[in-house]
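Good morning, and thank you for making time for this. I would like to go through the helix packing and then the ligand site.

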Amino acid sequence: MSIHIVADKDQVADTVLLPGDPLRARHIAQTYFTDVVQYNEIRGMYGYTGYWNGNRVSVQGTGMGMPSFSIYAQELIDTFGAKRLVRIGTCGTMSPSLNLKDILIAQGADSDGGMNPSRFGSYQFAPTASFNLLERAYQKAKSLGLSYAVGNVFTSDQFYDIHGEQKKKIAQSLGTMAVDMETSELYTLAHMKGIEALTLLTVSDSLLSGEQIPSIDRQNTFNAMVELALHTLFK
Ligand code: HPA
């Protein structure tokens, strides 16, 4: 067990889906997994292990933002031996070519966060997805006929940011397509610890128009992304 995940080591699979919201973790386990065991409920950050098409897989809520995400991801890797982590979350689009309900397959992550400067000093690490998972997600999204894009995400430390407009302009000038709050940390940890990682994001809101998708659509688009993640992970 670890500090925030109180489970036996063998209760967590090698492959873990990571939604921010623990209730989404519960929804995924109930909807997609068979033979489900709930292994964690500390802080309400539910974790479950089950099987999808005969493949053992876990799903663990992470909370929002890099500091919370980092705790769960590191404990999954260091204590439970996780080898493949796939974040499934939402993002705000900053690009006219990424529409509400589309799926962004995140190739790399820009960030204004404090974690990598505190780790690496002036060395500016480039957090990127694992090519193997990225390529498979791309092929699957294409063959499933999904509306998707492959591009970079800006991982922000602040949801409510007084400099948000200025940062959005910089991001747009670099072709960065959307904003989330966790991917940079996932990709950094994956490189530091030698595991595979990918982020898939459904577009829940637009920083261009201010629109948000209604909650009913939220569930449907979220399900499409979960299915893409599972088909990516298990051939
Ligand atoms: N900002 C940051 N993270 C997000 C957003 C957003 O607008 N939408 C979904 N995740």
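At what angle do helix α1 and helix α7 pack, and how far apart are their axes? Before I answer, the conventions: this is a predicted model, in which local features need pLDDT of at least 70, side-chain atom pairs count only at pLDDT 80 or more, and totals for chains, interfaces and linings use all residues. Residues are numbered from 1 along each chain as its sequence is written, and side-chain values use heavy atoms, with hydrogens and water left out.

Helix α1 (residues 22-32) and helix α7 (residues 215-233) pack at about 65°, and their axes are 12 Å apart. Helices here are DSSP runs of H or I with at least four residues, numbered from the N terminus. Axes are lines fitted to C-alpha atoms over the stretch in contact, with angles from 0 to 180 degrees between N-to-C directions. The angle therefore makes α1 roughly perpendicular to α7; that label covers 65 to 115 degrees, while under 35 is roughly parallel, over 145 roughly antiparallel, and the rest oblique. The α1 and α7 crossing is right-handed, meaning that the near helix is turned clockwise from the far one by less than a right angle.

Contact, defined as heavy atoms within 4.5 Å, involves Arg24, His27, Ile28 and Tyr32 of α1, and residues of α7 including Phe222, Val226 and Leu230. By class, this contact has five nonpolar, three polar and three charged residues. Ala, Val, Leu, Ile, Met, Phe, Trp, Tyr, Cys and Pro count as nonpolar, Asp, Glu, Lys and Arg as charged, and the others, Gly among them, as polar.

Helix α7 also packs against helix α4 (residues 131-143), at about 120° and with axes 9 Å apart. That angle makes α4 oblique to α7, and their crossing is right-handed. Leu133, Arg136, Ala137, Lys140 and Ala141 of α4 meet Leu228, His231, Thr232 and Leu233 of α7.

Next, helix α2 (residues 66-78) and helix α6 (residues 183-193) pack at about 30°, with axes 9 Å apart. This makes α2 roughly parallel to α6. Their crossing is right-handed, and the contact includes Phe69, Ala73 and Ile77 of α2 with Leu186 and Leu189 of α6.

Finally, the ligand. The residues around it, each with a heavy atom within 4 Å, include Thr90, Cys91, Gly92, Phe159, Asp180 and Asp205. Which distances separate ligand nitrogen atoms from polar protein atoms? For polar backbone atoms, the values are 3.4 Å at Thr90 and 3.3 Å at Gly92. For an N or O atom in the side chain of Asp205, the distance is 2.7 Å.

Note on methods. Helices (H or I, at least four residues) and strands (E, at least two) are DSSP runs, numbered from the N terminus. A polar contact is a pair of N or O atoms within 3.5 Å; within protein, one must be able to donate a hydrogen and the other to accept it, and residues adjacent in sequence count only if both atoms are side-chain atoms.
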